[in-house]
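This briefing describes the strands, helices and selected residues of one protein model. Read it with the sequence and the structure open beside it.

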Amino acid sequence: MNLAILTQPLQNNYGGILQAWALQNVLKQMGHAPTMIQFCRIENYHSFEMSPLCFKRFIKNCVKVVLGRQWYSLPNQEQTSHIRQNTEYFVDKYITPISHLIVSPSQLKAYCNSEKFDAYIVGSDQVWRPMYSPKITNFFLDFTANQEVKRIAYAASFGTDQWEFTATETKKCAKLAQKFNGISVREDSGIKLCKEHLGVDAIQVLDPTLLLDKEDYIQLIDKENEPQHTGNLFYYLLDNTPKKQETIKTFAKEKGLVPFTTMPPKRFTQENFKTNADDCVFPRVTEWLRSFMDAEFILTDSFHGCVFSIIFNKPFVALGNESRGQARFLSLLKIFNLEDRLCFSEEEILKTSSKTIDWIKVNNKILEWKELSFDFLKNL
């Protein structure tokens, strides 16, 4: 089938980029012709729909100024290209075919009408979380209303076990969801949310990255000739804080490990970019993958940080990340009976790190869930 994949924008999120690459490759292996839709609603920053989020950002910036901190502003187009040069390289080289950049619902509808796709797949990542998918109805394929096509959700994630849709969004999305030919979700809590709020049945499947083997990712690393890292304690933090840095130092000293990360040396701000633009550049996707390959232990507050720790069979601890939602972590870890790897204090981290993981049992679970997940895709 001629398929279209609709997911979150492929920007600097390593997990997001790799789940898109993995799903597209799996579909190719199954004999389909999948095209990735490159949908990034630039207009959101200036639209009425985004006003609550923009207002929230404005208030945060005002507080920062009062506290003597720098006002945060988004990078302009030139700055964005510089910051994303490595991640865009991966997307351009490996995620193909891919549409041109689509920046509005009207462009999205026009493109899809012109391409004559047989089916659409929404997923994976947090595609069904309104705060990450402005005009959430787009991610329930509202733009396909007049098309005779199959509509599928693969490992769609709400990101949380709480319902975050407005009443109006719920009504519209429920009507659209009932037109889907098949719905699968990434978290077990998503099954309940689909039933209670959308009136549809769903099954749980694996994140697309887990449909591939470790060797598939090692091939990518080898293709790009990634050098070995010098450290052996990989920490990948989406919400880095001084407290977490102290925890890493303590943990590294306790375990006799050398910490390293694969993130920009400095977070983007206008001042940091002006001082040294290269400090704000995100490292290569394959350099990030190599981090899991080389690590002896991993500390992360990222969902996909946990996923790739499991894929590479590396001992890890997931640092509790309340602001990003715990349902994603708990659901993933529950599949492999690894719930105790989620920790919220330094004491818990040190205690949990001493526990061994039975990778034979974990890998057998992956095989079981792969079969279930592939069965869903085969029955499209």
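**A buried loop residue**

S133 has a relative accessible area of 1%, so this residue counts as buried. The model is predicted. S133 belongs to the loop that runs between β3 and β4. Apart from neighbours within four places in sequence, S133 touches Q8, Q126, V127 and F139.

**Six-stranded sheet**

- Six strands make up an open sheet with parallel pairing, in the order β2-β1-β3-β4-β5-β6.
- The edge positions are held by β2 (33-37) and β6 (203-204); each has a single partner strand, so one side of each lacks a neighbour in the sheet.
- Helix α15 (residues 359-378) packs on the sheet and touches β4, β5 (182-185) and β6. The direction of α15 makes about 160 degrees with that of β4.
- Helix α5 (residues 105-115) lies across β1, β2 and β3, and α5 runs at about 165 degrees to β2.

**Strand β3 and its partners**

- Strand β3 (residues 119-122) is covered on both faces. A119 and I121 are buried on one side, and Y120 and V122 are buried on the other.
- Four bridges link β3 with strand β1 (residues 2-6), and the two strands pair in the parallel sense.
- Within that pairing, L3 has A119 of β3 as its bridge partner, while A4 has Y120 of β3.
- β3 is also joined by four bridges to strand β4 (residues 150-156), again with the strands running parallel.
- Here the bridge partner of I121 is I152 in β4.

**Residue A20 in helix α1**

- A20 is part of helix α1 (residues 14-29).
- The relative accessibility of A20 is 2%, so A20 counts as buried.
- With neighbours within four places in sequence set aside, the contacts of A20 are T7, L10, M36 and I95.
- A20 and P208 are separated by 188 residues in sequence, yet their C-alpha atoms are 7.6 Å apart in space.

**Five-stranded sheet**

- A further open sheet has five strands in the order β8-β7-β9-β10-β11, with parallel pairing.
- At its edges stand β8 (259-260) and β11 (342-343); each has a single partner strand, so one side of each has no neighbour in the sheet.
- Strand β9 (residues 297-300) pairs with strand β10 (residues 316-319) in the parallel sense, over three bridges.
- In this pairing I298 stands opposite F316 of β10.
- α12 lies across β7 (233-236), β9 and β10, and runs at about 170 degrees to β10.

**Burial of helix α11**

- Nine of the ten residues of α11 are buried, so this helix is largely enclosed by the rest of the structure.
- The buried residues of α11 are V285, T286, E287, W288, L289, R290, S291, F292 and D294.

**Packing of α11 against α8**

- Helix α8 (residues 214-223) and helix α11 (residues 285-294) pack with their axes 9 Å apart, at an angle of about 125 degrees.
- The two helices α8 and α11 are therefore oblique to each other.
- α8 and α11 have a left-handed crossing.
- On the α8 side, the contact uses Y217, I218, L220 and I221. On the α11 side, T286, L289, R290 and M293 take part.
- The contact of α8 with α11 consists of six nonpolar residues, one polar residue and one charged residue.

**Packing of α11 against α12**

- The axes of α11 and helix α12 (residues 303-311) cross at roughly 50 degrees and come within 9 Å.
- This angle makes α11 oblique to α12.
- The crossing of α11 with α12 is right-handed.
- W288, L289 and F292 of α11 meet H304, G305, F308 and S309 of α12.
- The contact of α11 with α12 has four nonpolar residues, three polar residues and no charged residues.
- L289 takes part in the contact with α8 and in the contact with α12, and L289 is among the buried residues of α11.

Note on methods. Residues numbered from 1 in each chain as written. Predicted model: local features only at pLDDT ≥ 70, side-chain atom pairs only at ≥ 80, totals over all residues. Heavy atoms only, no water. Axes fitted to C-alpha atoms, helices over the stretch in contact; angles between N-to-C directions. Parallel < 35°, antiparallel > 145°, perpendicular 65-115°, else oblique. Left-handed = near helix turned anticlockwise from the far one by under 90°. Contact = heavy atoms within 4.5 Å. Nonpolar A, V, L, I, M, F, W, Y, C, P; charged D, E, K, R; others polar. Buried < 20%, exposed > 50% of the residue type's maximum accessible area, 1.4 Å probe, protein only. Pairing = 2+ DSSP bridges.
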